[in-house]
Every structure is written in structure tokens, then in C-alpha cells.
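This report describes aromatic ring contacts and charges placed over rings. The sequence and structure are shown first.

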Amino acid sequence: MTGKKEKAKEKREKRLQEISLLRTIPYSDHQRWWSQETIAVVTGANRGIGFEIARQLAGHGLTVILTSRDTSVGIEAAKVLQEGGFNVDVHQLDVLDGESISEFTEWIKEKYGGIDILVNNAGVNYNLGSDNSVQFAQQVVDTNYYGTKNMIKAMIPLMRPSAAGARIVNVSSRLGKLNGRRNRIQDANLREELFNLDTLSEELIDRTVSTFLQQVEDDTWQSGGWPQTFTDYSISKLAVNAYTRLVAKELSDRPEGEKIYINCYCPGWVKTAMTGWAGNISAEDAADTGVWLALLPDVAITGKFFAERREVNF
């Protein structure tokens, strides 16, 4: 087992080195479909992965809207980037609050007219190490899944037409894989329903998370066949992954010039406050795939799940 872990670690480190090298190669002029007028919104961007995604996107010359639940914290984070010469604006946004989303939407309309990129990064996880408490399951699901879904619904009408297409990137997790070898829903029929695009629906996803939350309330979740590691977080990210595929299908019929591409990715186990700084990947490396997906040139990729710039199975 130790040998396998060491090999996996070596493989991951080698891949991260490759990605760090790729990040030093500038986009060529014909690849750059964006400009300073391109507007990218990043949720939960006052720290960690979100802050790093905002920094890297701004570094590529886009205008980035840094959002934060706490207004003062968001302003301070934006100042750091602004003082570095980046074109960054800031606005309060709580993805759990419908009124906050509405106010943000109206502000975007008034000031910018629309957006081109949405990165749904805002999320929570209350389990560390080997913990698996579901004490905050409702908040985890509300933030990670419903917050992401509500932002997508609010921002799609604001996504501006372009030849390159607008982009939505959802920060997710391998823990939400439907067919992972260990951490997965045990009900094979439910897994198939969630995996099959013919049976996948918003109602099915909502019903799945509602059933889980009801079992948490009834204290029967441990016998419900749910993922056994970081259960509430895993369910919330499973829902994000499924919703990503569903939205990709729903948007697939949009005409050329009005395309919206949506994908999700796993940043890995990152050294941030969410992991108690116990991760093995820097925020800079963790942000890379999200930024790469947001800026993909001339490639109509949608409804996919990525890790370290590579597509992985749901």
C-alpha cells in the first residue's frame, strides 16, 4: 500500500510540474479570444482557490469581478490585486441569499451590461482529517449545490453572445464521482439514473439531496447507502457534477454565437483554510485547471469533469 501511495504521489508531483511549466507559456494572439472588456465573475474569491483564480484570470488581462460574502474582506482582497496592477472590481455576494444574488445581478446589468465567464467557487466543508460529521449538512448542500445552481440560473441570462462562447466553470470534487471505486452512492439504480442523460433531471438531483438531508434529520443516513467519506460534502459535489451535465445538455441547442460551455473540475486536496492547511496542493496549482477551462481557445468542450487539465469520468 505504501508503494502505491508513493507512486501516486510521484505521479501527481510530476503532473503538477508539467502544469506549472504550461502556465509559463503565454497564450498566442490567435488563441486569445478575450480582452480587458471580457468580464469574469468569481464567487467566494476573497481567499484560497477563488482568490487565486481571480488573480490568474486578471493576470491574463480580463476584468475580474471578485465577490465575497463579507463586504470588507472582499474589498481588502480586491485591493491586493488592484495594487498589483490587475483590473479587478469587487461586490458583495452571498450565494445563500436570493436577495443578495438579485442585487448583484442588477449591479452587473447596470455597470457592465453582462458577463462572459462565471466561476462558481464559493463552497464550504466542515469535515477535516478523518471526521465525517453531518452536523452542518444542510448548509453544505445549500452552499455547494443550491448556491451554485442559483448563480448559474441568475447569470445565464447575462452571458453575452460571442464567437468564442461564454464559459461556466464549477469548482467541484472527485469525492462527488458517481462511479468512484469507494466513495459512491450504493444504490446502483440511482447511480444509473443520475448518470444517464435521458433520465437525469433537476427534479432527480433535488430529490436525491432532499432524501439525504431528510435522513440526516431522521438520523438514518448512515444506513442510507451514501458515500462514506465527507458524506455531506460528497453529496453536494455529486449534485454539482450532475447539474453541470444537465445544464450542458440544456444549453447544447443554442445557436453559434450564443453558445455557453459549462464544465466542472476537481482542484485536489488544497492547502487552504477549508482543509485546515493540510492539503498537498498549492492554491496556485489548484486554480490552474479552472482558469484553463475558462479560457479554452477554439475548443467546444462542455458537460465534462476535469482534474489537472485532464478529463476524468463522472
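## Ring cluster and pair count

Tyr27, Trp33 and Trp34 are joined into a cluster by ring pairs. Rings of Phe, Tyr and Trp (its six-membered ring) pair if their centres lie within 6.5 Å; planes under 30 degrees apart count as stacked, over 60 as edge-to-face and the rest as tilted. In total, the structure holds 10 aromatic pairs.

The model is predicted, so local features need pLDDT of at least 70 and side-chain atom pairs count only at pLDDT 80 or more, while totals for chains, interfaces and linings use all residues. Residues are numbered from 1 along each chain as its sequence is written, and side-chain values use heavy atoms, with hydrogens and water left out.

## Edge-to-face pairs

One of the pairs is edge-to-face between Trp107 and Tyr112, with 5.8 Å centre to centre and 75° between the planes. Tyr112 is partly exposed at a relative accessible area of 22%; buried means under 20%, exposed over 50%, and partly exposed in between (1.4 Å probe, protein chains only).

Phe212 and Trp226 also form an edge-to-face pair, at 5.4 Å centre to centre and 70° between the planes. This pair links distant parts of the chain, 14 residues apart: Phe212 lies in helix H7 (residues 202-218), and Trp226 in the loop between H7 and helix H8 (231-251). Helices (H or I, at least four residues) are DSSP runs, numbered from the N terminus. Phe212 is buried, with a relative accessible area of 0%, and Trp226 is buried at 4%.

## Charges over rings

The charged end of Arg245 sits over the ring of Phe195, 5.1 Å from its centre. The criterion is that NZ of Lys or CZ of Arg is within 6 Å of the ring centre and within 35 degrees of the ring normal. For Lys149, the charged end sits over the ring of Tyr243, 6.0 Å from its centre.

How values were computed
Helices (H or I, at least four residues) and strands (E, at least two) are DSSP runs, numbered from the N terminus.
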